[in-house]
Amino acid sequence: MTFSLLAALPQVGEMTVATGAARWVWLAVAFPLVGFLVNGALALKRPEAKTAVSVVGTGVLLAAFAVAATVFVQLRGHPPDAPIIVSLWSWIVSTGMDIQFAFQVDQLSVVMLLVVTGVGSLIHIFSVGYMRADAGYARYFAYLNLFVAFMLVLVLGSNLPVLFIGWEGVGLCSYLLISFWYGDKANADAGKKAFLVNRIGDLGVLIAMFLLWWQVRSLEFVTIAARVPGTLPVDGGIIIAITLFLFLGCVGKSAQIPLYTWLPDAMAGPTPVSALIHAATMVTAGVYLVARNSVLFAMAPTTSMVVAGIGALTALFAASIGLRQYDIKKVLAYSTVSQLGYMFLAVGTGAYVAGVFHLVTHAFFKALLFLGSGSVIHAMHHAYHATHSHEDAQDMRNMGGLRKYMPWTFGLMLIATLAIAGVAPLSGFFSKDEILAAAFGRGETHKIWLLFWGMGLAAALMTAYYMMRLMAMTFLGDNRTGAKEREHLHEAPWIMTGPLVVLGLLSLIGGVINLPAFFPAGPHHVLDGWLEPVVAAASRLMPVAMPHGATEWALIGGAVTIAAVGLVLGWKLTLANPIPTAHDAPEDTGFARVLFRKYYVDEIYDALIVRPLVAFSRVVLWKGVDQGLIDGVGANGSAGLARALGWIGSRLQTGQLGFYVVVFLIGAVWLLRTVAQ
Amino acid sequence: MTAFLASIGYNGWILHVLLALPLIGVVPLVLAPAERAKRIALAVTLVEFILSVGLWWSVETISGTLQLTSSTPWIAAWGISYAVGIDGISLMMVLLTTLLMPLCVLGSWNYIGQKERGYYAMLLTLITGVIGVFVATDLFLFYVFWEVMLIPMYFIIGIWGGKNRLYAAIKFFIFTMAGSLLMLVAILALAWSVAAKTGTLSFDYTHLLANAGAAKALAPWLFGAFALAFAIKVPIFPFHTWLPDAHVEAPTAGSVLLAAVLLKMGTYGFLRFAVPFFPSVAASPFVTNLMLVLAVVGIVYGALVAMVQPDIKKLVAYSSVSHLGFVMLGIWAATVQSVQGAIMVMIGHGLSTGALFFLVGMLYERRHTREISAYGGIAKVVPVFSLLFGIVALSSIGLPGLNGFVGEFLVLLGSFGVHPVSTGIATTGVIFAAAYLLWAMQRILFNKLDKRENEALTDLSGRELAVMLPLILGIVWLGLYPKPVLLKIQPAAFKYVESVRGGPAALDLVQRPQEPGR
Amino acid sequence: MLLGPSLLVSAILFTIGVVGVMLRRNAIVLFMCIELMLNAVNLTFVALSQVLGLGGQVMVFFVMTVAAAEAAVGLAIILAIFRHTRSVDLKNINLLQG
């Protein structure tokens, strides 16, 4: 009978049977999941048990990190030739289809695993101090644990649908954590916006899955990578469509133009959330997705160019908005959007390793920046709270001179600032340099890549400027918090500063994982070698031409100079004139105002899409079609017609018996006549 | 389990008992004092559910044919018999019904304050009608059950409903009746046409199915009559306007059953009767395109209109229109994946929308209003309610890992290869679904707790948790491990696809793609 | 045997009944006219049974039974109406007017 087809198609891609620690990789997901359940139960039943919550919340993360480390050690000891697939159970089955709930352990997913659990652990520890006083402490850790579980599903999933569980799951947690303080409508709005905008991207991932299933009958990464090259023509319509739809998902999740608007709003959530979800992990999922499907993107050079172009444009555009923001977290948010743009520039260029490299270093220094800003906000908040003042604790115009009160935070954030600006030899320098060099190198194939490179360089200048501006406004100059409030400013407790120190160290030396050949000390190209098995196929299709020799040195020199110029400008220009407090500051005018209002993009979307759609649904569809046409004309109309006919008929009922008899008689005579004939 | 069932002759009597038990249960219920009515109803429905569970093991899933069949002449002169049988699709629908019934009784516990005996008697009668529709294998019997189901529902809305209940009840009745009378004519015409050819007048499903070709000349008309009856029931745009009214006015259990089970009778009718009887008409480009367009319009239209509803129940009602659009898309794309997905959506929608209506009802019992604007910020005072509401809403949105996703995913995945454009448009439904439910969630659960009346809301009671728990478990289970259910419905889905595409074509669809040369 | 005259009489009787029902307003008179028509039909049945067999005569018994039942019910209704409205004039009894 035909049901023999029930069995899944054989795997075409190569895979390795799981052995050793890799078999237990699912524990990395299970631990945070258990943490979620326990903390969730505590949140409902005993929200005051904060110690238990802290222990469980951070404990599960450390356990997950331990699992990740163990798997990493195993993989380093015995690098597998092909991804290790750990199948847990058969999830969705149909004819010719058996989607396993399976995890894929390979060099790429292990890198992500380490970043997510490692940086995640630090941020969890930081949160213990940061959220201590919040009534929703248990709920917070429940969500945070759930997020990590979903994020690990995302990076471990061995096929697109399982990845999609994590993909949407992290979106959900992001939604829950952005609207964490839901009593304020603005926060709830921001959460909803994040989810909806992400859904637009998810639509892309869904359609990409449908296209892939239609064309190659598989959704497994290894099978796709093996089948697509022989099935679809390079740069053909189908492969371009698949990759463009996948990229739409990345644009949503990783906040690229035109779907970036949710990320700055997402700062409504608690600051450690911004660090974990909206800087270090979730938003980089798009970059991971491209790297994971590098073969597809390498087969579609057109899409790759679009990816790089959108990335470069976003890097520049977002950085320009960052120039004129006053909210310390907004600056970092736009900075994140901008840095994500770099990563897409990298993966679009074909420098997948560079993209992942920047993803990792960015996770370090951006998490540090966010957590540092969290410490600052924490201190500011306490100061204002102590004096019952209602000033904005996040507005940099209310800060200034905090270096004196928070030396540790200042020092560590300075490291991160130099790293993100690209000062050698900090981590950001190496990763950013590699991206720009790759884009420049591709300029040989098409001039447009030089434009992308130029945009990246311009964005680097702006990055250095706005980061130094942030540092100067926050930590340098005179304090503007207020005389009384000043006395309450103090350094954050060690449970918060501790993770900062670790991240500071990583930002400082993170470059060591992929040092370029010109660097005097070794080992060189560790990450390149590590990820080689994952991106080899794509690299063959789309080789990256890295500049060498004098060109290379010129590029490096240019980049470092630009960083230095930006930093100095940011420092000098910011402190050139006294900064008024947020309370007294005059409104921005001219182009500064356009930048401050973020080019009015939110307003434009609202006016062009959101409002018309709601109005159309209400006025035309509901009131017009539903109530007017179908119900009014159709249903009630036919009811009215029946009533009208009945009314006419009822006129014949005079109630006079004589009339009835006459009518009856006429009828009878007529009937007789007819019968007689 | 199978051995145990065999030892008590389960397969022989189960369907008859499932049909008779609720009716028998009505007798003690009517005789007992009013305050005992709900306890009796609960007992009957629980027994019904426990008995029905065995079906899971007794329906085998290899052949996809009707099983546990039995037939007794009823009106022999007209070829009408009492014939029942069950396959993978109806199995799921029967289990869904029997699962929801005790929950409905529990959910009505404090809601129904007057004429309790009558209410529960109606509820029990409804079970017989609904299960009858799903297991009848004689078309005349099917029609009888179809109408039997209609009457208790009419009374449930009309007597125990809200302010505008009479309008809603009559609208519901007339809409359904308009379709079903045409269907009766079509059933008779089909039976006569087949009788004219084969010489036996019979309403037996298998007999008619085998010889439906006899009615070739009439086929478009007959299909039209069947399709109209089922389309109204589903409901397909533009026949959906009875649904919001009926949902809004019906008491909680009425809404739950309406959404979770009654709507599925429409799609079930397409799967079981309308399409397999007249595959040539159903597969004709005109009909297919029409249905696809209506399905896609339903998905998008339902979602957009749901977005702007001020009334929670109306919102959920329109969301049903949207979800059922996915079912119709899957049915008309007619690939194994899409049909399996369609049935999964039917089950999933039953659980999640049923749960949603229960939750709305619980809110209504506390505040006596369904206006979304009357709430806001209540997550603070009713955390457990909010958690459950969130889970259910997310499942309805189609979050992967919960049940809503599996069905929609399979429907879209299966349909895409056949109708890429329609499917692409339908996929946007996932965005709009998120829009209307998240917006509603925000306005109910989140924002500022600024209405005094809401501050005193009490969280869910043990009874209410007992109602929700099975549904939540089902939602998570079907989201993470739908395989057993998918396997149960696969053969039936396969058979359906074969009947539409005429055998071999069904296999083309699942043929292996060319292996790349490597 | 006397078939023609019998039918003629019955026709006249029937016509009187019909005209009475059409023109008179008094319920009792109306009722009598109806009885007249019924009996006209009876006469036809009896007359024709000479030619067509005994079936007609059997029919007469049916008609008489119906007439008796009708008299009982009809008079009761008229009585009830009279008690209600103090009149048996049909002009005033038009409850069926649409």
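Begin by selecting chain C together with chain A: in this predicted model, the area buried between the two chains is about 930 Å². Carbon and sulfur atoms give 64% of that area. On the side of chain C that touches chain A, the largest share comes from helix H1 (residues 3-23) of chain C, with 3 residues. By class, this side of chain C has 7 nonpolar, 3 polar and 2 charged residues.

Next, display the residues on both sides of the contact. Chain C supplies 12 residues and chain A likewise supplies 12 residues. A search for salt bridges between chain C and chain A gives a count of 0. The count of residue pairs in polar contact between these chains, with both residues at pLDDT 80 or more, is also 0.

Now hide chain C and view chain A as a whole. Its C-alpha atoms fill a box of roughly 125 × 70 × 55 Å, taken along the principal axes. Colouring by secondary structure shows 25 helices and 3 strands in chain A. Of the 677 residues in chain A, 59% are buried. Among contacts in chain A with a separation of 6 or more, 80% join residues 24 or more positions apart.

From here, select residues 84-94 and residues 97-105 of chain A, which are strands S2(A) and S3(A). The two strands pair in the antiparallel sense over 9 bridges. To follow the pairing at one position, show the side chains of Trp89(A) and Phe101(A): Trp89(A) stands opposite Phe101(A), which lies in S3(A). Then move to the hairpin, where 2 residues lie between the strands. Select Gly96(A) there; this residue takes a positive phi near 70 degrees.

Is Ser335(A) buried or exposed? Ser335(A) counts as buried because its relative accessibility is 0%, and the cut-off for a buried residue is under 20%.

Key:
Residues are numbered from 1 along each chain as its sequence is written. Chains are lettered from A and ligands numbered from 1 in the order in which they are written. Side-chain values use heavy atoms; hydrogens and water are left out. Buried means under 20% relative accessible area, exposed over 50%, partly exposed in between (1.4 Å probe, protein chains only). Contact means heavy atoms within 4.5 Å. Buried area is the accessible area (1.4 Å probe) that two parts lose on being put together, summed over both. A salt bridge is a side-chain nitrogen of Lys or Arg within 4 Å of a carboxyl oxygen of Asp or Glu. A polar contact is a pair of N or O atoms within 3.5 Å; within protein, one must be able to donate a hydrogen and the other to accept it, and residues adjacent in sequence count only if both atoms are side-chain atoms. Helices (H or I, at least four residues) and strands (E, at least two) are DSSP runs, numbered from the N terminus. Ala, Val, Leu, Ile, Met, Phe, Trp, Tyr, Cys and Pro count as nonpolar, Asp, Glu, Lys and Arg as charged, and the others, Gly among them, as polar. Two strands pair if DSSP finds at least two bridges between them.
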